[in-house]
Amino acid sequence: MTGHPARFVQNAIAHAADTVWQAIEDGAYIYVCGDGRRMAPAVREALAAIHRQKTGSDDETAQQWLAQLEADERYQQDVFA
């Protein structure tokens, strides 16, 4: 998209970290659709990085947080290899 500050989804998430975090805290659902080999893991890492930044947690805690979002069906992926 012309004029958009980020080229990749994970960069857009990182760029909007405060908004993304607030949305998740407010109960937002996250749906990831697309490339499962590169984009989906990068999006997952961007979300984990936001969690670490906002909570001061380590990576293990951030991964547990993501796993809980998945268990609660608030983080879902429809990806292809």
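**View 1. Arg52 and Glu45 are joined by a salt bridge in this predicted model.** The side chains of Arg52 and Glu45 meet at 2.7 Å, N to O, a salt bridge being a side-chain nitrogen of Lys or Arg within 4 Å of a carboxyl oxygen of Asp or Glu. Arg52 also forms a salt bridge with Asp59, the closest N and O atoms being 2.8 Å apart. Through shared partners, these salt bridges join Glu45, Arg52 and Asp59 into one network. Arg52 counts as partly exposed at 24% relative accessibility, as do Glu45 at 36% and Asp59 at 37% (buried means under 20% relative accessible area, exposed over 50%, and partly exposed in between, with a 1.4 Å probe and protein chains only). The model is a prediction in which local features need pLDDT of at least 70 and side-chain atom pairs count only at pLDDT 80 or more, whereas totals for chains, interfaces and linings use all residues. Residues are numbered from 1 along each chain as its sequence is written, and side-chain values use heavy atoms, with hydrogens and water left out.

**View 2. A salt bridge links Lys54 and Asp18.** The side chains of Lys54 and Asp18 meet at 2.3 Å, N to O. This pair links distant parts of the chain, with Lys54 in helix α3 and Asp18 in helix α2, 36 residues apart (helices, H or I of at least four residues, and strands, E of at least two, are DSSP runs numbered from the N terminus). Lys54 is partly exposed at 32% relative accessibility, whereas Asp18 is exposed, with a relative accessible area of 52%. A search of the whole structure finds 5 salt bridges.

**View 3. The largest nonpolar core holds 18 residues.** Such a core is a set of buried Ala, Val, Leu, Ile, Met, Phe, Trp, Tyr and Cys residues joined through side-chain atoms within 4.5 Å. Ile30, Val32, Val43, Leu47, Trp65, Leu69 and Tyr75 touch the most other members. The elements that give two or more residues to this core are α2 (17-25), β1 (30-35), α3 (39-55) and α4 (59-71), and its largest share, 7 residues, comes from α3. Leaving aside residues up to four places away in sequence, Val32 touches Met39, Ala40, Val43, Tyr75, Gln76, Gln77, Asp78 and Val79, where contact means heavy atoms within 4.5 Å.

**View 4. Phe80 lies in strand β2 (residues 75-80).** Phe80 is exposed, with a relative accessible area of 52%. Apart from residues up to four places away in sequence, Phe80 touches Gly34, Asp35, Gly36 and Arg37. The C-alpha atoms of Phe80 and Ala40, 40 residues apart along the chain, are separated by 9.4 Å.
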